[in-house]
Amino acid sequence: MRTEMINGIPVPYDLSVDELEALLISGNMSDFAVACEALSNQSDERAYQLLKKYITDKDKYKRLCVLNTIFRHPMAVQIKSFLEDSILSDDFLFVHNGLGVVGQYEIEVSEKAVLSAVSKHLSDLNFTDLYALKILSTSDENFLNLIRIFKRAKGCGQKEVIGGILLEKYPHSHAEELYALFLSDHFLKIRSLADRIEKGIL
């Protein structure tokens, strides 16, 4: 579903690329934000190139705006390094938004980068940021990585997301271990995941 308004300003999806470019360079951050949103919904290369120009901009809020929009474009696979750098940034705004982009679009970035960011910032992350963990390959090593993160998570929302990913990726190979883990949790929603295993609802 398209975003219709940003900070009370309608997103001008009906404008041409030239008109949207004029908004990008107007100097008004609100114009810039709605132009990024509109350009990210256009599939032509010029729209992508206009957004790409700002991934190294000195204004971090412009870079952040582009981070949240450019990866809708298929050509953005060329700049996964921008996304990985954001995830590993010292600026938590970029970490949070970068993980959100990975989770939303399931972009296959460096697993090491995702695990590092989640492990470092777990206590500050929204549960939705943890959907980035869905890009992890299915392996015994990543099973253990997810278990470690699950055990460190404090909120029910965080545990529910990680638990869901564990069930999706390891529904049979580690069922007994997951059953015991979920059943012993103090959150009712997490204990209900054990019921799903017991009933075979995976």
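**Notes on the aromatic rings**

1. Start with a charge: the charged end of K62 sits over the ring of F32, 5.4 Å from its centre. "Over a ring" here means that NZ of Lys or CZ of Arg is within 6 Å of the ring centre and within 35 degrees of the ring normal. K159 does likewise with F150, lying over its face at 5.2 Å from the ring centre.

2. A quick word on what you're looking at: this is a predicted model, where local features need pLDDT of at least 70 and side-chain atom pairs count only at pLDDT 80 or more, while totals for chains, interfaces and linings use all residues. Residues are numbered from 1 along each chain as its sequence is written, and side-chain values use heavy atoms, with hydrogens and water left out.

3. Now the ring pairs. Rings of Phe, Tyr and Trp (its six-membered ring) pair if their centres lie within 6.5 Å; planes under 30 degrees apart are stacked, over 60 edge-to-face, and the rest tilted. That gives four aromatic pairs. One of them is F71 with F82: the centres are 6.4 Å apart and the planes at 15°, so this pair is stacked.

4. Where do F71 and F82 lie? F71 is in the loop between α4 (60–67) and α5 (80–87), and F82 is in helix α5, so the pair ties together parts 11 residues apart in sequence. (Helices are DSSP runs of H or I, at least four residues, numbered from the N terminus.) F71 is buried, at 8% relative accessible area, and F82 is buried too, at 9%; buried means under 20% (1.4 Å probe, protein chains only).

5. Next, F143 and Y170: with centres 5.0 Å apart and planes at 70°, the pair is edge-to-face. F143 belongs to helix α8 (residues 140–152) and Y170 to the loop between α9 (156–169) and α10 (175–183), so look for them 27 residues apart. Both F143 and Y170 are buried.

Conventions: Helix = DSSP H or I, 4+ residues; strand = E, 2+ residues; numbered from the N terminus. Buried < 20%, exposed > 50% of the residue type's maximum accessible area, 1.4 Å probe, protein only.
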